[in-house]
Amino acid sequence: MLKIGITCYPTVGGSGVIATELGKLLAEAGHEIHFISSSIPFRLDNFHPRIFYHEVEINHYPVFQYPPYDLALTSKMVEIIDQEKLDILHVHYAMPHAICAILARDIASHKVKIVTTLHGTDITVLGIDTTFRKTIKYAIEQSDAVTAVSRSLVDQTMEMLQVNKEIEVIYNFVNESEYVKEEQLALKQQYGIKQDEKVLIHISNFRKVKRVQDVIYTFNLVRDKVKSKLLLVGDGPEYSSMVKLVEELQLVDDVLFLGKQNNISKLLSVSDILLLLSEKESFGLVLLEANSCEVPCIATNVGGIPEVIKHEETGYLVDLGDIEQSAAYCIDLLTDEAKLTRISENAYLHARNTFHSASIVKQYLSVYDKVLSQ
Ligand code: GMT
């Protein structure tokens, strides 16, 4: 049995989901898990006797111009490493989590190994900032082991930061018991969607990088040919401009803004196609969530997305900004029942085989074993 500390961003987001689901599966496999974060990870909903949560508290002393979150996290890490005698501290995101973990490893009396998982924005966004570059590189090189969620992210990290460290690809996964298609007889009706209308869905944090406007423009073309509705799920900085765009395009009756939602698999169960037309995406966890619920995806051919979607087999890839092509793929799928069924089945099998949680957990455990035997 290993004692594993996990630090992640606890709010809604793919990296937090992966960290939390991994912790839950490791606990089920008999390991003891200690989450160390600023608030309880949102997916940590059920009680488990081998899962503990340690909250990082930030004191707002008047002398501090900025409350020192990173140092509060480091101090909490030191406390938990020593108190619980952690074997591994697995941090998700290089900045600031890996830096804090490395500092905590140096301060703590008990010997602990640091495993860092890169999720994307720490490299593709923060890595571009020259102020952070050296710090991120240091965090990666000083970790005992580093993993990334796609080959594309490894290549980008190497290219941007020239790190002198082996980075192993461990793909993301979903909780298969949660992401499963379920008959939802009443849901379409509750949202005022007619039974003969097709449903397109987009789920994101509405950041600029997600290009939600491309989803809306695509739907605008699809709606001319196929009776359909678009569900926009999530919230974020671009939300109000997207509401405005929908008004301008006179799509108000056919585009439903649902805000943040918990029961994503229920919404996916009434959807025919998921659209993810991002500018950057190291993996695109939502694609896997959709595929796991038998929903095929049309997504941009960027970052790690082509490692998740097999073009013309499990979904379709389009060039960034190519609205006509994404609309054409949607119309083709929505008007060819046999094709839609075939692609949905392929997508489901791909999600279950290539990205099965049991195999991903095994890969993380072998990383832990490797660093512990060094
Ligand atoms: O995409 C975001 O804005 C959120 C971010 C996160 O921290 O959860 O997502 C990143 O990590 C996810 C989990 O590994 C990946 O599925 C997303 O592709 C990645 N986002 C980007 O690379 C933009």
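Helices here are DSSP runs of H or I with at least four residues, numbered from the N terminus. With that in hand, welcome to a short tour of this structure, which is a predicted model.

**The overall fold**

The protein holds 15 helices and 13 strands. Its radius of gyration is 21 Å, close to the 21 Å that the globule rule gives for 374 residues, so the protein is as compact as a globular protein of that length. If you picture the C-alpha trace along its principal axes, it spans about 65 × 45 × 40 Å. Of the 374 residues, 56% count as buried.

**Around the ligand**

Let us turn to the ligand. It has 17 residues around it, and the ones that come nearest are Ser15, Tyr93, His119, Asn205 and Arg207. Sorted by class, this shell contains 4 nonpolar, 9 polar and 4 charged residues. Which domains supply the shell? Domain 1 (3-173 + 356-372) and domain 2 (187-354) each contribute at least three residues.

| Side chain | Distance to a ligand oxygen atom |
|---|---|
| Arg207 | 2.6 Å |
| Lys210 | 2.8 Å |
| Glu281 | 2.7 Å |

How much of the ligand does the protein bury? On its own the ligand exposes 480 Å², and 93% of that is buried by the protein.

**Backbone features to look at**

Tyr93 sits in the loop between strand 4 (88-92) and helix 3. Is its side of the story buried or exposed? Tyr93 has 12% relative accessibility, and because buried means under 20%, Tyr93 counts as buried.

Helix 3 covers residues 94-107, and Pro96 is found in it. The peptide bond leading from Met95 to Pro96 is cis, with omega near -5°.

Gln162 is another residue other than glycine with a positive phi, here near 45°. You will find Gln162 in the loop between helix 6 (151-161) and strand 7 (167-169). With a relative accessible area of 55%, and exposed meaning over 50%, Gln162 is exposed.

Note on methods
Residues are numbered from 1 along each chain as its sequence is written. This is a predicted model: local features need pLDDT of at least 70, side-chain atom pairs count only at pLDDT 80 or more; totals for chains, interfaces and linings use all residues. Side-chain values use heavy atoms; hydrogens and water are left out. A residue is near a molecule or strand if one of its heavy atoms lies within 4 Å of it. A polar contact is a pair of N or O atoms within 3.5 Å; within protein, one must be able to donate a hydrogen and the other to accept it, and residues adjacent in sequence count only if both atoms are side-chain atoms. Accessible areas come from the Shrake-Rupley method with a 1.4 Å probe; for residues, only the protein chains shown count as cover. Ala, Val, Leu, Ile, Met, Phe, Trp, Tyr, Cys and Pro count as nonpolar, Asp, Glu, Lys and Arg as charged, and the others, Gly among them, as polar. Domain bounds come from an automatic or database domain assignment. Helices (H or I, at least four residues) and strands (E, at least two) are DSSP runs, numbered from the N terminus. The radius of gyration is taken over C-alpha atoms; the globule rule is 2.2 Å times the number of residues to the power 0.38. Buried means under 20% relative accessible area, exposed over 50%, partly exposed in between (1.4 Å probe, protein chains only).
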